[in-house]
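Subject: Structure handover

Hello,

The sequence and structure are placed just under this paragraph. My notes on what was found follow them.

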Amino acid sequence: MVETSSLITHPVTDDERLVHHKLDLLLRTGCILVENAADTSRIIRTMKRVAMYLCIPIENLHIYVNYNMLMVNLSDVEKSYTKFQRVDKHGVNLDAIREISHLSWDSIRKNLTLEEYERQLTEIHQRKRNYTPWQVAIGGGLACGGFCIQFGCDWTAFFYASIAAILGLRLRMFLNSKGSNGYFNIGLAAFVSTLLAWLFALISTRSGISFLESSTPWHPLLACALFIVPGVPLINFVSDMLSGFTQVGITRATNTLLMLFAMAFGIAFAIQFCGIDNFVRDLSMIPHHTYDEYMLAAAISAIGFSMIFNVPRHMMLFVALGGIVAVCTRNFVNLGASSGNVGLDMGLIVGSFVGSAVISIICCFMVRRLHTPHQCLSIPSVIPMIPGVLMYRALFAFINMHGVIGEVTVAMNNAIHASLIILFIAIGVAIPNIFFRRMINPKREQKLMELLLIRKNQMADK
């Protein structure tokens, strides 16, 4: 005789339903942050603050954050509740991060009901972006044109790079909306942008029309696809690694590397298709513009990437000023007499670190005045310093090897140089913010405890 067993169930009590509902809300909050490129440290801090609002005992709460999965566990000596939430999509929406931060504080300060909190959370999740697809494409395209100016092109080439990038970015956005593979979309967008930049170079050199001619016709090929460079994931990867979230950081790094390979493949294929030889290695990128031109190009790039990252309109001026300060500081420390410029001549790595650190310190003081997370101000400001061309040159060198002596050395030199710049940009952004958080954390915790006490008294009075 075979014994059979059945699943023993018991009626779910109202208290258990409430616990499950609260954990669902907590997971949905964290999921929005993960989907929109918040760093792991911020995700956990915000989820713990929301847990306090939900009256979930922090000492019994365990939060696990992965790139594609969130888990919370609430357990004591009697019961244990565990819930999972899958994260199906990833993008960059800094406004959503800002709104979630505000909601986490307002829920305690205004003593929101669970229904009110859930309604506002749903509104944030379903809210349309601040800019239309074509506005984002135009902003991102002009940002690539700003990069091109920083590489030394003239303003005619700026417009060529911008137009090529606008059309490539819009194509990528269209393909993304249709559910096409993300890496394929990146490769195709890079191919189309580079092909258009090549056509504009031919027009510039062969049309014979003076206003179409450029003294730097090939520079747009270096900048037209830089809207693809995943600056936010790169910075988050380094930030997560420095904060001890190694697993999430490695996953972000792997995804970023795949995006860069897709970008390099699209560009390399376009270059082979067009029959262009050695422009990557031979083309000089030493800029000789005046600092007012640097300032204008930096502001354009910062604003353009802010539109891609969905930064609110009222913060554009601050981001533009941040981009100007970051790039001009970087250039002043980097450039010098060796390149025929005014500056300290200390190199690109040191210059990038100083520029990002200065911006991070300024943002630390502006966070409380603007009531916005540090990430929403600092990242769009330092993105114009991301060494997209060096990363592209390294990947292109690996893809386009012909067995010539020294090719591996050139590729590794570019890869190491770009990696060090990214590392020091991220460190420059992270370190002042870490120290600032440690300085203000006691005050924030005291303020949070005061708000929780007021809320507790209000609930008792009811």
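Two loop residues

Asn310 sits in the loop between helix H12 (291–308) and helix H13 (316–334); helices (H or I, at least four residues) and strands (E, at least two) are DSSP runs, numbered from the N terminus. This is a predicted model, in which local features need pLDDT of at least 70 and side-chain atom pairs count only at pLDDT 80 or more, while totals for chains, interfaces and linings use all residues. Residues are numbered from 1 along each chain as its sequence is written, and side-chain values use heavy atoms, with hydrogens and water left out.

Although Asn310 is not a glycine, its phi is positive, about 60 degrees. Most residues other than glycine have a negative phi. With 1% relative accessibility, Asn310 counts as buried (buried means under 20% relative accessible area, exposed over 50%, partly exposed in between, with a 1.4 Å probe and protein chains only).

His371 also has a positive phi, near 55 degrees, and is not a glycine. The loop that holds His371 runs between helix H14 (348–370) and helix H15 (374–382). His371 is exposed, its relative accessible area being 55%.

Salt bridges

The count of salt bridges is 10, where a salt bridge is a side-chain nitrogen of Lys or Arg within 4 Å of a carboxyl oxygen of Asp or Glu.

- Asp95 and Arg98: the closest N and O atoms are 2.8 Å apart. Both residues belong to helix H3 (residues 94–109), and because they are 3 residues apart, about one helical turn separates them. Arg98 and Asp95 are both buried.
- Arg119 and Glu123: here the closest N and O atoms are 3.0 Å apart. Helix H4 (residues 114–126) contains both, 4 residues apart, or about one turn of the helix. Glu123 counts as partly exposed at 38% relative accessibility, and Arg119 likewise counts as partly exposed at 45%.
- Asp240 and Arg252: their side chains meet at 2.7 Å, N to O. This pair links distant parts of the chain, with Asp240 in helix H9 (residues 231–243) and Arg252 in helix H10 (residues 246–274), 12 residues apart. Asp240 is buried at 0% relative accessibility, and Arg252 is buried with a relative accessible area of 7%.

There is also one network, in which salt bridges with shared partners join Asp95, Arg98, Glu99 and Arg127.

Helix packing and strands

How do the axes of H5 and H6 cross? Helix H5 (residues 133–150) and helix H6 (residues 155–177) have axes that come within 7 Å and cross at roughly 140 degrees. The axes are lines fitted to C-alpha atoms, for helices over the stretch in contact, and angles run from 0 to 180 degrees between N-to-C directions. H5 and H6 are therefore oblique to each other (under 35 degrees is roughly parallel, over 145 roughly antiparallel, 65 to 115 roughly perpendicular, and the rest oblique).

Strand E2 (residues 69–75) and strand E3 (residues 80–86) pair in the antiparallel sense over 7 bridges; two strands pair if DSSP finds at least two bridges between them. E2 and E3 make a hairpin with 4 residues between them, and Leu74 stands opposite Tyr81 in E3.

One further position is Tyr53, in helix H2 (residues 40–53). Tyr53 counts as buried at 1% relative accessibility. Its C-alpha atom is separated by 9.4 Å from that of Arg109, 56 residues apart along the chain.

Regards
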